[in-house]
Amino acid sequence: MSYFVYMLLCSDSSYYLGSTNDVSKRFLTHVAGKGASYTRSHKPVMVVYSEELPDKSSALKREAVLNKLTHAQKIALTRV
């Protein structure tokens, strides 16, 4: 089963990174206020990046790498 790492743009121009097997469903969970605590206080606006990976382990490793990027690097990633 494929997994995805995704990045949300929040209403305060911050970014949230996560991983899931269904990006659309997970985004709706965040919008409903039932996702991560970060997105409850930083309202998600849209999915700006997603990357498909072969399994959950790969997605979590990729998420850890992307979380280390600077804000400017995350912006650049969304423009690829």
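A: What follows covers the aromatic rings, then a helix.

A: This is a predicted model: local features need pLDDT of at least 70, side-chain atom pairs count only at pLDDT 80 or more, and totals for chains, interfaces and linings use all residues. Residues are numbered from 1 along each chain as its sequence is written, and side-chain values use heavy atoms, with hydrogens and water left out.

Q: How many aromatic pairs are there?
A: Two. Rings of Phe, Tyr and Trp (its six-membered ring) pair if their centres lie within 6.5 Å; planes under 30 degrees apart are stacked, over 60 edge-to-face, the rest tilted. Y6 and Y16 are tilted, because their planes sit at 50°, with centres 6.3 Å apart.

Q: Where do Y6 and Y16 lie?
A: Y6 is in strand β1 and Y16 in strand β2, so the pair ties together parts 10 residues apart in sequence. Strands (E, at least two residues) and helices (H or I, at least four) are DSSP runs, numbered from the N terminus.

Q: And what about Y16 with Y38?
A: That pair is stacked, 6.1 Å centre to centre with 20° between the planes. Y38 belongs to helix α2 (residues 37–41), 22 residues from Y16.

Q: New topic. Which residues of α3 are buried?
A: A59, E63 and L66. They cover an arc of only 65° around the axis (taken from the directions from the helix axis to the C-beta atoms), which puts them on the same side of α3.

Definitions and conventions. Buried < 20%, exposed > 50% of the residue type's maximum accessible area, 1.4 Å probe, protein only.
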